[in-house]
Amino acid sequence: MSDELKIDLDQFRTSWLEDVREGNPSTVELGRRFALKLVTQWLDTSDTTSDFIYCDGSGDGGIDVALLDTGPDEITDDSATSGHTWYLVQSKYGSAFAGTGTLLIEGQKVIDTIDGRRPKLNSLAEGLLERLSNFRNGAGTGDKIVLVYATERSLSDDEKRVLNDLRAMGTARLGAIFDVETISIETIHARLREVESITSANRLMVDLKAQLVPSGPDLLVGSVGLLNLYDFLKSYRERTGDLDRIYEKNVRRFLGGRGKVNKAMQGTLRDAPERFGLYNNGITIVVHGYEQNEDAVKLAEPYIVNGCQTTRTIWEVFHNKLSAGGTGVNPETDAWRSRAAQGVVVAKIAKVGDSGESLLQAITRYTNSQNAIKEKDFLALTGDFKTWQGELATRYNLYLEIQRGGWDSQKALQNTTPMTKQFTRHANAADLVKVYGAGWLGEVGLAFGKNPPFLPDGSVFKRIVNESDADGGPFGAVDLYAAYLLQQATIFMGFGRGAEKQSRRQTRFLFAMIVIDLFRDVLSRAGKPHDLRSVSASLVSVLENDAAKTVLLDQAAEVIDGYFTQGSDDSVFIEPAYLNSFNSDLNAFLKWEKLGKSDTDTPRLKNAMAINKAVLGRSIGGINGRDTITAAMNEL
């Protein structure tokens with residue numbers, strides 16, 4: 001168990017709020033920062049990639065921040081359902097939250113807004129409402145609109161009961177598409193805890209009605225009724241406020257109703273639920289311990305490590321069928337419920353006890369071995385990222401955050417334990433993989449528009465970690481550190497959403513690609529190796545040399561600024577694809593998977609890069625940029 005996971009909740013909360021409060025922000029900005037940080041860590045996404053809509057202020061309709069999650073784009077099955085989710089976030093930081101009254105009043109306000117009963121909305125909220133209305137009109141069975149309360153502390157039992165009332169109110173008015181979630185700083189803290197770090201006094205206990213028999217001292221085998229499993233998941237969510245937490249030890253999260261397997265499960269659950277146990281491989285739940293009686297078992301700290309897709313598909317179908325609201329009798333639903341009562345899921349309950357994480361990891365690995373999951377999918381559990389985390393700490397004094405929220409826990413540890421290693425620099429592993437994928441592999445459009453290709457089991461991730469023979473060796477800590485330095489360089493050069501120059505607001509991944517492309521040209525002309533590993537090692541020396549760094553970054557920024565200038569000879573605004581394929585939609589063009597990949601796809605960009613490569617080789621004021629960069633590498 002790592003030291004940062006020993007930090008208690010109060011210490012973690014204090015550190016977590018440091019950057020939220022930094023700079024004495026206004027009340028609106030404070031609430032926005034709070035919600036943004038909490039939601040991005042909860043969904044494990046990035047605020048620079050996700051399309052957040054800020055409505056907070058007068059006339060916001062009860063919605064502070066909105067986000068459309070379109071699911072795992074890596075899965076392609078044209079006949080599958082969409083599984084998109086709108087998250088409508090209410091930021092209730094500090095005095096903005098006053099208990100059950102706040103939940104009821106603000107929740108009803110959001111329901112009224114979605115239902116078109118609040119006419120006085122600001123322009124941002126009006127635009128969002130139009131999108132929500134279109135979403136509702138075209139929604140599939142897997143689509144959701146989720147009201148999310150973002151609070152500093154977890155809700156009390158009374159407050160959680162109010163959420164159930166709001167769910168009933170929302171589903172009665174809006175249908176089964178509506179749901180309510182609650183997240184807090186404790187949600188993130190709980191996700192960071194290891195099984196063995198939880199004491200018996202605060203261990204989560206959840207009842208599961210099931211027919212199970214012992215198979216040795218630490219294993220129960222049997223079946224769980226579909227309705228009982230749904231009740232178990234409901235109880236878990238009511239207790240924790242976060243259903244996804246039960247999958248934290250799994251290899252991958254719910255894939256949505258988009259793959260062939262999940263769609264087939266949906267069909268069985270809707271049309272023949274009584275046969276579900278005949279077709280499904282079952283689930284595995286690991287627990288710290290269990291207490292069994294005649295028809296139920298009490299589970300301590302349960303995690304579903306195999307069967308994530310099965311249980312979430314059951315949840316979605318049963319939630320739509322049984323939690324749609326209404327007080328009358330629906331014969332069709334009653335008939336389906338009777339058939340569902342006959343359906344079961346084969347289940348294994350494995351007790352890990354004090355054997356803790358190592359046994360849990362082994363169970364997760366082997367119970368997932370029948371799926372199409374590659375070895376590198378297990379990085380989050382046992383793999384190289386933990387090794388690289390140690391190497392980056394030792395060699396570069398850089399803290400690598402493997403799971404969002406880890407840095408806040410590390411800061412709390414440093415604040416409370418002065419003798420521990422004191423990091424001043426940190427980076428999120430997933431963010432660095434995206435920088436590397438955009439820069440080294442040229443996947444700029446994917447990096448700007450999507451997350452899944454850069455996560456374990458994603459197409460770009462696999463290229464990064466698996467294709468080592470042609471890359472000069474395996475991917476490692478040096479590559480991550482080079483990506484970190486390049487990430488910091490984009491910040492240093494003023495790239496990002498709040499950039500002063502319009503040309504630099506949406507182009508940080510494109511900038512990364514251009515930096516690497518210019519640098520490769522320098523390596524090639526100097527007769528130096530320019531495989532991926534060599535690029536990383538050499539780039540570290542250049543970005544840690546002020547003169548060489550300035551030359552390289554300035555030239556790359558020159559490409560960006562010229563490319564996004566109206567009227568320039570090599571402007572994005574005269575790119576054939578921008579005009580003809582994307583109808584002058586810059587945002588869509590920047591998410592294009594072919595962006596920057598060939599002279600045919602983006603001839604204006606390629607020409608601008610060629611010109612600036614030549615400029616690097618000229619002597620200006622007695623300084624040759626290419627020679628300056630080469631000299632920095634020769635100092636190694």
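Mentor: Let us begin with contact, which means heavy atoms within 4.5 Å. Helices (H or I, at least four residues) and strands (E, at least two) are DSSP runs, numbered from the N terminus. Axes are lines fitted to C-alpha atoms, for helices over the stretch in contact, and angles run from 0 to 180 degrees between N-to-C directions. The model is a predicted one, in which local features need pLDDT of at least 70 and side-chain atom pairs count only at pLDDT 80 or more, while totals for chains, interfaces and linings use all residues. Residues are numbered from 1 along each chain as its sequence is written, and side-chain values use heavy atoms, with hydrogens and water left out.

Trainee: In what order do the five strands of the open sheet stand?

Mentor: Strands of a sheet pair through backbone hydrogen bonds, either parallel or antiparallel. Two strands are taken to pair if DSSP finds at least two bridges between them. Here the five-strand open sheet runs β7-β8-β13-β9-β12, with mixed pairing. β7 (211–214) and β12 (303–306) are at the edges with a single partner strand each, so one side of each has no neighbour in the sheet. From one strand to the next, the twist averages 25 degrees.

Trainee: How many bridges join β8 and β13?

Mentor: Seven bridges join β8 (residues 219–225) to β13 (residues 344–351), in the antiparallel sense. Within this pair, V221 has K348 of β13 as its bridge partner.

Trainee: Which strands does α8 lie across, and at what angle to β8 does it run?

Mentor: α8 lies across β8, β9 (283–287), β12 and β13, and its angle to β8 is about 105 degrees. Helix α11 (residues 308–322) also packs on this sheet, touching β9, β12 and β13, and its direction makes about 120 degrees with that of β12.

Trainee: What is the order of the open sheet of three strands?

Mentor: That order is β6-β11-β10, and the pairing is antiparallel. β6 (205–209) and β10 (289–292) are the edge strands, each pairing on one side only. Between β10 and β11 (residues 296–300) there are four bridges, and G289 has A300 in β11 as its bridge partner. α8 packs on this sheet by touching β6 and β11, and its direction makes about 170 degrees with that of β6.

Trainee: How many salt bridges does a search of the whole structure find?

Mentor: Side chains of opposite charge can pair when their charged atoms come close. The rule asks for a side-chain nitrogen of Lys or Arg within 4 Å of a carboxyl oxygen of Asp or Glu, and the search finds 29 such salt bridges. One of them joins R161 and D158, at 2.1 Å from N to O. These two are three residues apart in helix α6, which means that about one helical turn separates R161 from D158.

Trainee: How many cavities of 30 Å³ or more are there?

Mentor: On a 1 Å grid over the protein atoms alone, a cavity is a set of points where a 1.4 Å probe fits but cannot get out, and lining residues have an atom within 4 Å of a point. Grid points are joined across faces, edges and corners, and a volume is the space filled by probe spheres set on the points. The count is five. The largest cavity holds about 80 Å³, and its lining includes D44, R404 and F454.

Definitions and conventions. On a 1 Å grid over the protein atoms alone, a cavity is a set of points where a 1.4 Å probe fits but cannot get out, and a pocket is an open set with protein on both sides within 12 Å along at least five of seven lines; lining residues have an atom within 4 Å of a point.
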